[in-house]
Amino acid sequence: MGNGIRKFMKSQLVIPLLSLLLLVIFNLIRDVGFFSISITTNNQGHRVLSGNLISIFNGASAIAIISIGMTLITSCCKGQDISVAALAAIAGSVFVSVLRSHEITIPVIILAFIFSCLVSVLFSLFNGVLVAVFKIQPMIATLILFSAGRSIAYWINGGATPTVSSPLLASIGGFIPGIPIPTPIIIMVIFLVLISLVLKLTNLGLYTQVVGINERTAHLNGINPVLMKLTAFIISGVCVAMAGCITVCRIGLINHETLLLDTEMDVILAVAIGGTSLGGGRFSLFGSVIGAYIIQALTVTLYAMKVPSAAVKAYKAVVIILIVMINSPVVKDFFIKLYRKLFKKQVETKISIKAS
Amino acid sequence: MKKIWELLTGKTEKKRRESLSNTTLLMTITVCTFFGMYLIAMLIWQGGFLNPQQFLDLFNNNAYLLIIACGLTMVMISGGIDISGGGITALVTMVCVVYLEDHGGTVLGSMLIALGIGLAFGLIHGILVAYFEIQPFIVTLAGMFLARGMITIVSIAPRTASQEAFLKLKHARVTLPGIGYYGKSGNFIPAQIEPGVIAAIAIVIIVAVILKWTRFGRNLYAIGGNSHSALTLGINVKRTKFFAYLFAGLLSGIGGYVYLLHTGAGDAANAAQAEMQAIASNIIGGTLLTGGVGNVIGTLFGMLSLKTITNIVIASGLTKPYYQSITTGLMLCFFILLQSLILAVRERGRIKLFPGWMRFRKTGKM
């Protein structure tokens, strides 16, 4: 048992879980009923779960899905993709334009999703080729699509903000009749399980980390770094398309200017809070997902405290800096030294008692 | 390949490798591209491009961007990144307007406030990045969030400055002797620049001098090139990094005041995405994000190229806003690829990259 705790303390998940716990405790002190879940009837007549907890999980699903792809990119390319939100806008635009040209049925939705996946994977591969083949730092390579992406989405939409409405889409973005849990949460969980199974059962996760830790060693051991980086970008493309489509389904229209605005920053934060070093190497998917929930919980908490929506950013920044500071090696070293000092004193006193 | 070599490095000199450093080569390319682009624009579209005022307006409209980008150049040469520039700019405009309007402040006081805000942000960034060893992207991202969030805490509605002393300074223009254009009625209108431009040019010169001739500047290149060997050479890496961020913050504060002088309004949406434009200016100007390579003169021409391409797109009749950002993206793409290829050619081991794309290179940075 003690061994297990020690192992847990060393893992990457400690800081994100502790910060989440702190947020939960803070909220419980502030308002005991903050996390209560109730069953209500929504305007479509279905009995659904509602409450702050559900809205946190629901709202964070897009960030969480993108952060899975971002974690892989961060781990093996030693940099971040800042074009994810713009890519999501492109994927959403393709999704809507396919949907609008047909009658909305389940096969058409699947077709539209596959199309948007293809497009976003193509764009993501463009980033990937720049990063992997031309050896450009990821942040600079993705700056191209960051500045041009939303304009491409505008071009796909023809300058308008087309709407789509169908009960089928509403059930993807909201609730499936009969199931009280919001569908985005279910999609998110299924996707996370799938990806982590793939990483567990294949060498993908290991190889990604090896490429991130030392590219040359990876190459000498027969791993193709270029291929691994491209794979990470392909997975990220699928994640981005999924997040874009879910968001389009939820709000029922595509607005290329505001769809998932500033999400890239939130996603990178989620990855950083989750314990993955932004300099590449070891990664933790669950950490990133928890990071996404921390960010969303923070946002919901601030809204509950009646902070105006534009000012939320300022408070977020302070909390983020605190979390990252606790996580920083300098502060960690300081605490380890402090702990050892205290611990040694205890040992000494014990010895002195024995000696007496 | 040899011909390109000789063109790039100068035919007369036999020592090719030492004739141009990476920094100078990348800067030269940017400067040539800018002048080439502007000359072609002058020949094809004539009209506005022949007007000296339009050229000076590039400076008038983007002086603040130039100042932010100069600060960013220092940080990027040291191997870091600062994305808080736009946020600090917007915060400075709002705080200064509120101070001038609601608290009856003086112009000098508002300038001091701008400097103070910039210094405060730079101080926090510097301490967190240099002494707490947190990744600069996260620190300055939080700085950006903090600045953008604080604007709405100061004032939710956009504000306009109407104090007389301030307006006097805002409308002050410096007339350039001998340069001008003829108006529609045939009268000679001399070209004018705003006071902010003078500040921006002064800052470019100061930063160039700092980077070239001071110990601090040379230390920046050293720690950007390789911070471990810089440390073993006895350079105080932490202190140098700290001052780089401090400088960047200070320059963002000044940039904010210049922005205010240009628009005269405080708004949460001010200087949107200025940080990304500043990064783009730096990249086009030949500063590498990996650090150790870069020049502030390159940044100046990078900014000018970035804005000229927008003017050209508008002049060629593609007035829809999305064409502008797509061409900006294409231009970035072009420069990034060009730099990547040139640097690959210059490093002997990387020449092999071209025949076999997938071949792993043996030397160079990882």
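Mentor: Domain bounds here come from an automatic or database domain assignment. For chain A, that assignment gives domain 1, made of 23–32 + 48–306, and domain 2, made of 313–356. Before going further, note that this is a predicted model, in which local features need pLDDT of at least 70 and side-chain atom pairs count only at pLDDT 80 or more, while totals for chains, interfaces and linings use all residues. Residues are numbered from 1 along each chain as its sequence is written, and chains are lettered from A and ligands numbered from 1 in the order in which they are written.

The C-alpha centres of domain 1 and domain 2 of chain A lie 36 Å apart. As for contact (two residues whose C-beta atoms, placed from the backbone, lie within 7 Å), 5 residues of domain 1 of chain A meet 6 residues of domain 2 of chain A. Helices (DSSP runs of H or I, at least four residues, numbered from the N terminus) take part on the domain 1 side, where α12 (263–273) and α13 (285–304) of chain A each supply at least two residues. Of these, α12(A) gives the most to the side of domain 1 that touches domain 2, with 3 residues. That side divides into 5 nonpolar, no polar and no charged residues, where Ala, Val, Leu, Ile, Met, Phe, Trp, Tyr, Cys and Pro count as nonpolar, Asp, Glu, Lys and Arg as charged, and the others, Gly among them, as polar.

Turning to the contact between the chains, 43 residues come from chain A and 37 residues from chain B. On the chain A side, the helices α6 (138–157), α10 (215–220), α12, α14 (312–327) and α15 (329–355) each supply at least two residues, and α6(A) gives the most, with 13 residues. By class, the side of chain A that touches chain B has 33 nonpolar, 5 polar and 5 charged residues.

In chain B, helix α14 (residues 274–284) is mostly covered, since 10 of its 11 residues are buried, a word used when 20 or more other C-beta atoms lie within 10 Å of a residue's own, with C-beta atoms placed from the backbone. Among the buried residues of α14(B) are B:Glu275, B:Gln277 and B:Asn282. After α14(B) comes B:Gly286, whose phi is positive, near 95°.

For chain A as a whole, 46% of the 356 residues count as buried, and its C-alpha atoms fill a box of roughly 90 × 55 × 40 Å, taken along the principal axes.

Notes. Buried ≥ 20, exposed ≤ 12 C-beta atoms within 10 Å, placed from the backbone.
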